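This report covers the overall fold, the surroundings of the ligand and one residue in detail.

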Amino acid sequence: MTKDTHLTFRQFMLQEYRKHDVSKDLIFLLEDIATACRTISHKIRSGAFSGTLGATEETNVQGETQKQLDVIANDQFMLHCANCSRVAALVSEELDNVVWLKDEAKAGDYIIYFDPLDGSSNLELNVSVGSIFSIVELKEPISDLTDASVLISGSEQICAGYSLYGPSTSLVVTTGHGVNGFTHLNGTGEFLLTFPDMQVPAETSEYAINASRQRFWEPPVARYVQECLAGEDGPRGRRFNMRWVASMVAEVHRILTRGGVFLYPQDSENADMGGRLRLLYEANPMGFIIEQAGGRASTGTQRIMNVNPDDLHQRVPVILGSRDEVDLIDAYHAEA
Ligand code: AHG
Ligand code: MN
Ligand code: MN
Ligand code: MN
């Protein structure tokens, strides 16, 4: 791979500016986010030397023990996102409340929601982890700078993306005109376009779910998985394969590459919380990306991006991926 045969992130984004009028401020912001992700990637890869792969003694707002790299990655996002004068506020998995960067938020300003390090239980294992982000452009000014004023539905996103820290570092982005994947070319500081116009195949024979939670599943999900497990003799008439990385970024990247369906459904143990994954910085951005690639993202009963948020760290059931499978799981919910 060389720089000569692949567009750089900036070259590609300038094409998007000419074709779709993507704002130059957004392009600069995305370049800052790309810098945060490159730095996080480096800090993960050197974590065994610096002794930063393990836990802190702190707990985040959702009761999870923070890893040192959760905090380091959060600091990188805060630092680089603050560079853009249109960013009014930041919302992070690792921060209890909204961080306002301005005294007043104008129409056209950006709110950034991020999961600085996704899959952090995998850090010590040297298994893929990632970062996720979502950007909303304010339609109206906000005078009341409270947490409640950034509870905005995912359908208002103008951009979403993730970086996957795997054998290589990927950056996958949508600005509402399809999904494009870039790979960091080590030693150059550049993300190069390697996976243009990513598409989720409508059909699949692969699903991803934490099967250890089977006894808690809701009946439509239990039925779906049971039918997949029945193989060629069951109602689906074919065999299904199963994967579980325990890093949502890695699962979504696999689905964008070869199809599949990912489920972290509502279950009886998480019933009052709505699920495991967080709406604003996990489910919404991944839902936007999957829809832009031709897939679907549902709670089982509604489109994820139509959920009206009522809390910064609200959790929702997540069922996303290949269209035909998500349609089927929705149909099982409708029948239940
Ligand atoms: P995070 O590390 O940002 O808290 O998110 C972890 C999430 C997600 O990446 C993954 O799909 C899921 O938690 C893994 O859950 P299990 O521990 O049940 O496997
Ligand atoms: Mn976490
Ligand atoms: Mn996460
Ligand atoms: Mn996280």
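A residue is taken as near a molecule if its C-beta atom, placed from the backbone, lies within 6 Å of that molecule. The model described here is predicted. Around ligand 1 there are 13 residues, and Asp118, Ser120, Asn210, Ala246 and Met248 come nearest. By class, the shell around ligand 1 holds three nonpolar, five polar and five charged residues.

The chain as a whole is summarised below.

| Property of the chain | Value |
|---|---|
| Secondary structure | eight helices and 17 strands |
| Radius of gyration | 19 Å |
| Box of the C-alpha atoms along the principal axes | roughly 55 × 50 × 45 Å |
| Buried residues | 47% of the 336 residues |
| Contacts with a separation of 6 or more that join residues 24 or more positions apart | 65% |

A compact globule of 336 residues would have a radius of gyration near 20 Å, so the 19 Å of the chain agrees with that expectation.

Phenylalanine 133 belongs to strand S6, which covers residues 129-137. Is phenylalanine 133 buried or exposed? A residue counts as buried if 20 or more other C-beta atoms lie within 10 Å of its own; phenylalanine 133 has 25 and is therefore buried.

Beyond its neighbours within four places in sequence, phenylalanine 133 is in contact with Ile33, Ile112, Tyr113, Phe114, Ala160, Gly161 and Pro285. Proline 116 lies 17 residues from phenylalanine 133 in sequence, and their C-alpha atoms are 7.9 Å apart in space.

Definitions and conventions:
Residues numbered from 1 in each chain as written. Chains lettered and ligands numbered in written order. Predicted model: local features only at pLDDT ≥ 70, side-chain atom pairs only at ≥ 80, totals over all residues. Nonpolar A, V, L, I, M, F, W, Y, C, P; charged D, E, K, R; others polar. Helix = DSSP H or I, 4+ residues; strand = E, 2+ residues; numbered from the N terminus. Rg over C-alpha atoms; globule rule 2.2 N^0.38 Å. Buried ≥ 20, exposed ≤ 12 C-beta atoms within 10 Å, placed from the backbone. Contact = placed C-beta atoms within 7 Å.
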